[in-house]
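I opened my notebook to look up charged side chains and their partners. Here are my entries.

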Amino acid sequence: MSWDGPAVGRPLALGPVRLRNRFVSAPMERNYCEIDGTVTHRYVEYLTRRARGGAALVFAEAAYVRADGRGRLRQMGVDVDARVPGLARLAAAVHAEGALFGVELNHGGRTAQGAVSGFRPVAPSPVRCLPAGGELPLELATAQVYELVEAYGEGARRCREAGVDVISIHGAHGYLVHQFLSPAFNLRTDEFADPLRFLDLVVEAVRERAGPGVAVGLRVSAHEGFEGGLSAERTFELISRARLDLLDFLDVSAGSYEAGQWIIQPGEWERGLLAPYAERYRALGLPVGVAGRISTPESAEAIVAGGRADFVSLARTLHADPGFPRHALTGGPYRPCIACNHCIDQLGTGEPIPCSVNPRAGREHLGAPNTPSKKASVLVIGAGPAGLEAARRLAGQGHRVRVLERAGHVGGQFALAARLPAYPEYHRILEWCTAELDRLGVTVRTGVPVTAEVLARHEADAVVLATGGTGRLPDVPGVGLPHVFDVRRWLALGEDVPRACVIWGADREGVAVADHLAAGGAEVLLIGSQPSLAPDVGRRAKILMVPRLTGNPKVRILPETAITSVEADRLLVRSDGHEEWLPAAGPLLISHGVAPRTGLLAACEARRPRLGVHVIGDAGGSGGSIHRCFLAAEEVARTIGQACDAL
């Protein structure tokens, strides 16, 4: 039977099972389980939504096969029979939406830490994993390695009994199977010095316990990404000699804990960057999947239609919009992932991971917001992320919405951040919001400074004040000199990169601007009271930016330092109780947070709109991130809807 649609829409056989299309919801850890690894209602509803969105195969996550291999406080477990009912609930929910259900079997090995698992970590060899905490693992005795093989087999049995359709063995990202493969972490002299011995035994055990009706595959890192680790050539050579006859597919990723940027790729890297690695594995005769920054329908289609892989594994893309597969196949609009890595950086907190651009992610179990039966007229003042999202949600409920913005463009300070090299995907969410408002018939007027007189010309039942904030300037002598700017104001002016500059403030914004200027060739003096760079964001969000700055000879960094006086060409700085004057060429750019811009609040309240005045985003002091802006927008839409129905 011929297929005339997009290549990503074609069905695909993985051994005994058949995918309805080529979109796979990848195994992504989410902190949605109980502390003991048991599935929750939150988890069921989350995966149900991804299955309903059109994915052909929906994976849960890397599930630990034994308790000493647990790497996260709320990671899913398949370690004991008590986990089977929860797995069965997930399987039934995913099946009800027409998708297949998959589980990835894993053991953290050296990456697991006693503070999380309650056990001393075990590994092929006693090599610390510094990115995970650095606890020295115990070297597994030969007999203990066989016990772990049995744990993988028992995990597969539990999956089969729960109704799992697809089992993936996690042989990537620096976890236990990968550790046995890697020359950096396998220093053994017994039979398991052979890098393939453990993998082959695990494949045999999983294949036997999974039974003939379950597809079994292997996830591999195309390379480890650091000197001394597995290269792409060596990895391919090893996998080509593994027990591929017992497998139904391969899924290609990359990286290890020592090169985390390859596991979760930054937004600066090109989309689909791992496809060339995956293409090589197709010569081994198995269906091949690939992960890695596949965040547009075009990139997915190019990979599959171009013969580089048979299916695409999507994690963050579906976290941002679970309906992405359906939209990709029908040409509909979708909410884009901006590759900010806020989701991944929240894993270490033990709290359920959110999504910067999708406030419903992980909150599906709370149910969809009610649509009010009565409609209102709403005026939104400010077209930053909070204002745009509030307008979108209100218009989606059927309210009549107008947006006024004093700047000549939408996006507010987020639009300024989107100009920086570290955030090349940020513009996509602003473009999506704008397109959605246009689709919903919302009038957006830019270049309109709102005053009390302008307000008087706009009747509205509710006013949403999303006017943002202004940069805070510290009270020190000389801060009013003409070469001193808040970083946001300086970006808004669109000035050329100076030959030299000083940035005071090593928070997220200050570091990102320092990175931008250094990339442009400027000599940068970065001064911050913070002990480290950008401590207000997680490791993944700055995994490229910070090494670039610290490795740049034209960048000087002074942590735990304050400026106490400013002059035209020098600064008085204090560090550890000592003061000294430093020469300082070029502009002084200050990043000390924002103060809410609420000058219009009194005028708005004087209008006495019957459904109230609602202050959100930076204007309400709850900004600081697009995630908090979008949460505030969702809440204000709910509040106005409830007030409307109460009339």
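Is arginine 157 buried or exposed? I looked up its relative accessible area, which is 15%. The cut-off for buried is under 20%, so arginine 157 is buried. I keep in mind that this is a predicted model.

Next I looked for the partner of arginine 157. Its side chain meets that of glutamate 161 in a salt bridge, 3.0 Å from N to O. Both residues sit in helix α4, 4 residues apart, which means about one helical turn separates them. Glutamate 161 is partly exposed, at 44% relative accessibility.

Then I turned to glutamate 150. Its side chain forms a salt bridge with arginine 209, 2.7 Å from N to O. Glutamate 150 lies in helix α4 (residues 142-162) and arginine 209 in helix α6 (residues 197-210), so the pair ties together parts 59 residues apart in sequence. Glutamate 150 has a relative accessible area of 37%, so I noted it as partly exposed.

I also checked for a network. Salt bridges link Asp81, Glu150, Glu154, Arg157, Arg158, Glu161 and Arg209.

Which residue meets arginine 50 in a salt bridge? I found glutamate 364, at 2.6 Å from N to O. This pair links distant parts of the chain, 314 residues apart. Arginine 50 is in helix α1 (residues 41-52), and glutamate 364 is in the loop between α13 (342-345) and β13 (377-381). Arginine 50 is buried at 0% relative accessibility. Glutamate 364 is buried too, at 14%.

Last, I looked up the total. The count is 42 salt bridges.

Definitions and conventions:
Residues numbered from 1 in each chain as written. Predicted model: local features only at pLDDT ≥ 70, side-chain atom pairs only at ≥ 80, totals over all residues. Heavy atoms only, no water. Salt bridge = Lys/Arg side-chain N within 4 Å of Asp/Glu carboxyl O. Helix = DSSP H or I, 4+ residues; strand = E, 2+ residues; numbered from the N terminus. Buried < 20%, exposed > 50% of the residue type's maximum accessible area, 1.4 Å probe, protein only.
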